[in-house]
Amino acid sequence: MQTGGLLDGRGLTKRFGGVTALNEVDFTVQQGKVTALLGENGAGKSTLVACMSGAHRPDDGALLVNGLPVRFRSPDDARRAGIAVVHQEPQMLEAQTVAANIYLSQLAYRRSWTWSAGSLNERAARHLRSLGIDDLDPGRPMSTVAGAQRQLVEIARALIQQPSVLFLDEPNASLGEEETHRLFAVVRELRDRGVGVVLVSHRLREVYELCDHIVVMRDGFKVADDAASALPIRDAVRFIMGEEKALHPVASTRASSKSRRADDEAPVLELEHVSGPGFRDVSLSIRPGEIVGMAGLVGAGRTEIALAVIGAARFTSGRMLVAGRPERFRSPADAVRRGISFVPEGRRDAVFYGQSVEFNVRAGMWGRRTPGVRRLRANEANRRVRELFAQLSVKAASPRVGASTLSGGNQQKLLFARALGSRPRLLILDEPTHGIDVGVKSETHELIRELAAEGIAIWFISSEAEEIIELAQRTLVVHQGRIVAELSAEASIGDVVTSSFGEVEHAGAMR
Amino acid sequence: MEPPVATTPPLDEQPVPTPPPAGAEVMSPPLRRVRGLLQGWGSELVVAAVIVVLSVLIGLAQPVFFSTENLLNIIQSVAVVGIAAIGATFIVISANLDLSVGSTISLCGLVCAIAMQHGLSFVPAIGVALLAGAGVGLVNGLIVTIGRVNSFIVTLGMMSAIEGLALLITGGHPEPMPDSTAWLGQSNVGPVPISVIALLGITAGAQLFLSYTIAGKRITAIGDNYRAAYLSGIPVRTTTVLSFIIGGATAAFAGVLQASSLANAQPNAGAGMVLTIVAGVIIGGTSLMGGRGSVIGTLLGATLLGVMSNAFVLLALNPEIQVISVGAVVIAAALFDQWRLRRGG
């Protein structure tokens, strides 16, 4: 254990009820170094970050800033001590501009009495440029800024305070490759300026590209703490997953799942030259039992296509056929009625946080052909919930516990269960493995294959080239609102990535 | 559910600081049922406990409080407000608000009286009044959903518009209710007033509707997370409109009941009731953030307000203090709601 870090946690312990989420953990953030914090969901990473940044008060243990003991009563205390946290799902003032969001802290730490939008935009633009972000207009309202760029705004906001310690909680979970590299360039720049950076992430390859030091958490304990050069990826995975799981290769079923061909069956969904908000001239077809991947950079227009299909946005031209019949859905309720379910990206748009697990799953059965006043058939629905739970191995103490008590991966499964509750013929999954840990991710992949094997058509949107390649029988690559390539199952990660950047004439493209 | 494989314990990153579910596993089934019941009805039990404690205190000072007559009197006094509050509960659970409920009460009482002056008998006239109330709810709901206007401002405007309408059609004068209508608001079955039976019956029906129909669950879903409900295929607009229609219809029935018990329908019968109605809903544990609440809670909330006002009469306290105390109780209920949200219960 090194000493004399910018921020030291000593013997940090945190209990929630009877559960010890953090068990006597020592953690040091060193000046000018990037430390990776790895572990499955529920391993205690977030709790550790929360305890070191004032969001939680540890039950036991001490915190030292530059060797001096401190006590944070709030995140604000930590901020004043130079500790900044970039959260996975940033909270923004949606009606305000990007610049106002970046300089939000000025409302807290008043430097002047006035607030000038013009000079603020200028300063924000300069600040963003210094981070290598030059395509984001600071005068834009935040509500028009999509996933990845929101993350960059959040990071820009954290850096305004010139923190000496920066925690990044899965900053690249929703970022495409390009944005990730841009983000990492920013992190390297900060490291070179002497900032101590802690990166919580699930993407090991990228972590190793960037990090100097690796810390692995498991079940609330720190199980590994070493220089990146001294801890090969293979060993890190073993520490993360525990011995037994690591012995089973994750992608063992790839060949078998891909063998299924569905060419002879009529497509569930066909789009013919459709255009709409954020996309142009898109044509595709998906057959029963087929897993069609949709790759591309974040913001390329993939989600927009899906939203238009389910009726949450409008097509401006083109034709959509569902099971061979022309359709236009006026709302997702229509789409569900015709057998198309959508699992949105980001759990915030999907989970009923105030309700039970059971409620969350059953909600999927309340759209399709159900006259509202019909009495809930408790037995039938309960059986269906149990089936779905068993099928998805949702880990909840009971269907009656609150959905907000589940971990991210289990909440994701809950959404799968809900989408399946209406017995869809087509399941549209928007970044279903976003921010969930390695073990749950492979389970999710397995589940997607099983559903396809049952004959459900899967439209799988992901920013991770690896998982697209692993799962999809065909991959459509979207770039700036158009489908620029259709890749076969034999395509490589490189093909996906290069076409995502709009390089069309690459080997591997079928047309 | 089935315990997970041993290698991945179901530890959550941020578990709620309530006793762990593991504790529930070792309890005997009946005990677990009782506990489950208590957990689901926590805020209702708190309100019930407050009512009991308050009643005991009042009863100690004025033993007449506990006479059957007085207790029935209390419930009867909250019947009008309580019935309207039941419908309002649905609107609040769907994360909206209906400030026009008081004006709707006035208008629909008048509609009933005027319909009878045009030759309808009482029961069909009630039907016409309910249609009028449902119509007000329909308009509110359509403006909120299609026009995408905040329900607070829509129903604030509607409150004034309907109040004006009621004055316009009557010229400001009360409309008499025929004697044939008196049974609803003024008579008893044994010792129990019909209005009390109506209140309890509507409470039971509405609670069953909320808990055991898909429409009821949809209302909870859109209040908890509107976007999630929309994307998972729940007809969010229809559901929102439905909650306003229910609110309008119960307000209409409350208006008829009020007119029947006063033997005439007054154009300002419901004026000032809106605070009491919303107060009853909030005190009953329904969250203003939507997604959580119960009809039984609302009944208890309204009853608590009835007990308070009864106490002021029995103890001969200053009525102005009652107005202040109602405000204080509403704010206390809202604080309690927030405290519970933070606690994660």
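Which residues of S3(A) are buried on one side, and which on the other? Val34(A), Ala36(A) and Leu38(A) sit on one face, Thr35(A) and Leu37(A) on the other, and all are buried, where buried means under 20% relative accessible area, exposed over 50% and partly exposed in between, using a 1.4 Å probe and protein chains only. In a regular strand the side chains alternate between the two faces of the sheet.

Before going further, a word on what you're looking at. This is a predicted model, so local features need pLDDT of at least 70 and side-chain atom pairs count only at pLDDT 80 or more, while totals for chains, interfaces and linings use all residues. Residues are numbered from 1 along each chain as its sequence is written, chains are lettered from A and ligands numbered from 1 in the order in which they are written, and side-chain values use heavy atoms, with hydrogens and water left out.

Back to strand S3, which covers residues 34-38 of chain A. Helices (H or I, at least four residues) and strands (E, at least two) are DSSP runs, numbered from the N terminus. Five of the five residues of S3(A) are buried, so the strand is largely enclosed by the rest of the structure.

Now zoom out to the sheet. S3(A) belongs to an open sheet of six strands, in the order S6-S7-S8-S3-S9-S10 of chain A, with mixed pairing. Two strands pair if DSSP finds at least two bridges between them. At the edges stand strand S6 (83-86) and strand S10 (221-227) of chain A; each has a single partner strand, so one side of each is left without a neighbour in the sheet. On average, neighbouring strands here are turned by 15° against each other, direction ignored. For angles like this, axes are lines fitted to C-alpha atoms (for helices, over the stretch in contact), and angles run from 0 to 180 degrees between N-to-C directions.

S6(A) pairs with strand S7 (residues 165-169) of chain A in the parallel sense, over four bridges. S7(A) is mostly covered, with five of its five residues buried. Val165(A), Phe167(A) and Asp169(A) lie on one side of S7(A), Leu166(A) and Leu168(A) on the other.

Next comes S8(A), joined to S7(A) by five bridges and running parallel to it. Phe167(A) turns up again here: its bridge partner in S8(A) is Val198(A). Strand S8 (residues 196-200) of chain A is also joined to S3(A), by four bridges, and the two run parallel, with Ala36(A) opposite Leu199(A). On to strand S9 (residues 213-218) of chain A: four bridges join it to S3(A), again in parallel, and Leu37(A) stands opposite Val215(A).

A couple of loop residues in chain A deserve a stop. Gln162(A) is in the loop between helix H6 (147-159) and S7 of chain A. Gln162(A) has a positive phi of about 50° although it is not a glycine. Most residues other than glycine have a negative phi, and most peptide bonds are trans. Gln162(A) is exposed, with a relative accessible area of 68%.

Ser404(A) sits in the loop between helix H15 (378-392) and helix H16 (408-421) of chain A. Ser404(A) is partly exposed, at a relative accessible area of 35%. Leaving out residues up to four places away in sequence, Ser404(A) touches Tyr353(A) and Gln411(A); contact means heavy atoms within 4.5 Å. The C-alpha atoms of Ser404(A) and Val351(A) are separated by 8.3 Å, and these residues are 53 residues apart along the chain.

Over in chain B, look at a pair of helices. The axes of helix H5 (residues 79-93) and helix H10 (residues 194-212) of chain B come within 9 Å and cross at roughly 10°. That makes H5(B) roughly parallel to H10(B), given that angles under 35 degrees count as roughly parallel, over 145 as roughly antiparallel, 65 to 115 as roughly perpendicular and the rest as oblique. Residues making the contact include Ile86(B) and Phe90(B) of H5(B), and Leu199(B) and Ile202(B) of H10(B).

Last stop: Ala316(B), in the loop between helix H15 (295-314) and helix H16 (319-343) of chain B. Ala316(B) has a positive phi of about 50° although it is not a glycine, and Ala316(B) is exposed, with a relative accessible area of 65%.
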